[in-house]
Amino acid sequence: MSATLAHLESRIRSASNLQSVISTMKSLAAVTMGRFDEASNTIEDYASNIELAMVAYGRIRDIKTLLGRGRETESLAVVFATDLAMVGRFNETIVEYAIESTNRKDTRYWLVGQRALDALRERDLNAEKIYETPESLQSLKSIITLIADELAGQKDTGVTLFFNRSTAGINYEPSSTRILPIDQAFIERLESTRWSGSIKPQVIWNDSNIMARLIREFLFVSLFRAGAHSVMAENGARLAYMEHAEKKIEENLEQLRLEHRRHRKNSINNELFDIIAGYEALRQDEQDDTRSVK
């Protein structure tokens with residue numbers, strides 16, 4: 001086998017192996033999207049229960065008192081990005097959107113994902129806090145719990161969550177949710193909600209911390225929802241990237257196979273020519289020997 005054929009076969013094997021890896025990663029990305037989509041639907045049920053608990057407790061006006069929110073003096077942006085690869089401009093898209101949306105010099109930035117820091121620094125900005133990228137539902141829960149606890153101590157600060165959200169198929173777009181101060185429309189909606197059952201709920205003990213705990217869960221729900229959307233959009237971006245890579249690999253494989261067939265055909269032809277040439281040489285020698293005998 002010629003060196004060229006051996007080299008081509010080595011390249012074909014490498015491309016085929018890479019194609020197999022890409023296929024596996026596509027499957028993992030699709031499974032991850034499904035898991036987080038299911039978790040996102042589940043958190044909506046939990047959010048409804050939290051709101052019903054607030055309605056049951058009845059002291060909706062305590063929300064602003066407990067949060068101690070007066071004049072908003074600062075702006076805080078919690079930006080969900082990623083440290084994982086093969087996502088295109090996922091980080092740049094959400095960071096640019098966050099900066100353009102806040103448009104305040106006093107805005108502080110908390111990042112979920114170290115790599116997004118580069119996009120901030122390109123605008124001469126920095127991050128006050130950086131959290132690791134969630135790779136599973138459990139890690140997302142842990143990170144969100146930590147952020148929710150720290151947000152509870154942010155007094156007189158407007159807090160907005162920035163995250164990429166999946167749109168059609170594997171596409172995404174930047175999105176945001178303002179969670180603090182709690183929207184007045186949200187409070188009014190809770191106040192206007194009537195208990196659906198015939199028996200009114202009763203509070204067994206009058207604990208002043210009940211509403212504070214419910215608010216803490218409200219923050220957790222809002223953060224988890226944004227984080228889940230970000231992970232789904234991230235895996236959608238990765239899926240799109242890998243589908244593009246898979247197409248390029250297939251095109252490259254087709255070219256390599258064509259080139260391999262061409263070289264293989266030339267090699268076979270050369271071998272046949274050598275055999276024919278050898279045969280002709282032997283026949284000529286036999287004819288020469290016959291003439292010599294005569």
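Helices (H or I, at least four residues) and strands (E, at least two) are DSSP runs, numbered from the N terminus. The legends below describe a predicted model, in which local features need pLDDT of at least 70, side-chain atom pairs count only at pLDDT 80 or more, and totals for chains, interfaces and linings use all residues. Residues are numbered from 1 along each chain as its sequence is written, and side-chain values use heavy atoms, with hydrogens and water left out.

**View A. S230 in helix α7.** S230 is buried (under 20% relative accessible area; exposed is over 50%, partly exposed in between; 1.4 Å probe, protein chains only), at a relative accessible area of 2%. Beyond its neighbours within four places in sequence, S230 has contacts (heavy atoms within 4.5 Å) with F80, A81, F90, F163 and N164.

**View B. N126 in the loop between α4 (116–121) and β3 (129–131).** With a relative accessible area of 47%, N126 is partly exposed. Residues up to four places away in sequence aside, N126 touches Y109, L117, L120 and R121. R108 is 18 residues from N126 in sequence, and their C-alpha atoms are 8.2 Å apart.

**View C. The largest pocket, with about 220 Å³ of space.** Its lining has 13 residues, of which L28, T32, L84, N235 and R238 are the closest to the pocket centre. Helices α1 (3–57) and α7 (210–293) are the elements that each give two or more residues to this lining. A pocket is an open set of points on a 1 Å grid over the protein atoms alone, where a 1.4 Å probe fits, with protein on both sides within 12 Å along at least five of seven lines; lining residues have an atom within 4 Å of a point. Points are joined across faces, edges and corners, and the volume is the space filled by probe spheres set on them.
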